[in-house]
Amino acid sequence: MYKNFYFPGENMGIENNMQEYVVALSKFPDWFSKYDYLLSVACAMDPFPDELRIEENLVKGCQTKTWIYARKDAESENLCWFADSDSMLVKGVLGIVIDIISGCNVSEISKINTDFLKDTGISENFETNRNIGMQSIFDRIHWLVFDNK
């Protein structure tokens, strides 16, 4: 499913989760340190199941092949998230986003968007096309939560 990169124990709500990452990433002295962190997050993610690497799970609008899939957990009613990308940078961002939204209820997930990436300073070094791809990732997450019925 996913590895918890930052939050020990229980999920404390999406706004707190985002703020924890904003604070943590603000402590990195420069973009290269954040980049290294994103790569380490990407390397620590669980493998994406091959059977989910299908067209239906691809994020439309990303320059790289990026997959996001969610299924409802029978016990908790929360969504279980799976994500991967051919780009290690994008995969690292996915790892953080999945970490933040995992365990959150549907109404909370609506609160996450690309402003979070601006607040962390992650997107400030992205080219326009990369930022458009990031918006596509958040659009896909919201589609899976709200429109995929």
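Which way does H3 pass H6 in this predicted model, in a left-handed or a right-handed crossing?

**View 1. Helices H3 and H6 crossing.** H3 passes H6 in a right-handed crossing. H3 covers residues 88–101 and H6 covers residues 128–147. Their axes come within 12 Å and cross at roughly 35°.

**View 2. The side chains where H3 and H6 meet.** From H3, look for Leu89, Val90, Val93, Leu94, Val97 and Ile101. On the H6 side, they meet Arg130, Met134, Ile137, Phe138 and Ile141. Sorted by class, this contact of H3 with H6 has 10 nonpolar residues, no polar ones and 1 charged one.

**View 3. The second largest cavity.** Rolling a probe the size of a water molecule over the atoms shows where empty space is left. Searching the whole structure this way turns up 2 cavities of 30 Å³ or more. H6 gives the most to the lining, with 4 residues. By class, the lining has 3 nonpolar, 4 polar and 1 charged residues.

View 4. Across the protein chain, pLDDT averages 85, and 91% of the residues score at least 70. Over residues 1–9, though, pLDDT stays under 50. The model has 28 contacts beyond four places in sequence for this stretch.

Terms used: Residues numbered from 1 in each chain as written. Predicted model: local features only at pLDDT ≥ 70, side-chain atom pairs only at ≥ 80, totals over all residues. Heavy atoms only, no water. Axes fitted to C-alpha atoms, helices over the stretch in contact; angles between N-to-C directions. Helix = DSSP H or I, 4+ residues; strand = E, 2+ residues; numbered from the N terminus. Left-handed = near helix turned anticlockwise from the far one by under 90°. Contact = heavy atoms within 4.5 Å. Nonpolar A, V, L, I, M, F, W, Y, C, P; charged D, E, K, R; others polar. 1 Å grid on protein atoms, 1.4 Å probe; cavity = no way out; pocket = protein on both sides within 12 Å on 5 of 7 lines; lining within 4 Å. Points joined across faces, edges and corners; volume = space filled by probe spheres on them. pLDDT = per-residue confidence, 0-100.
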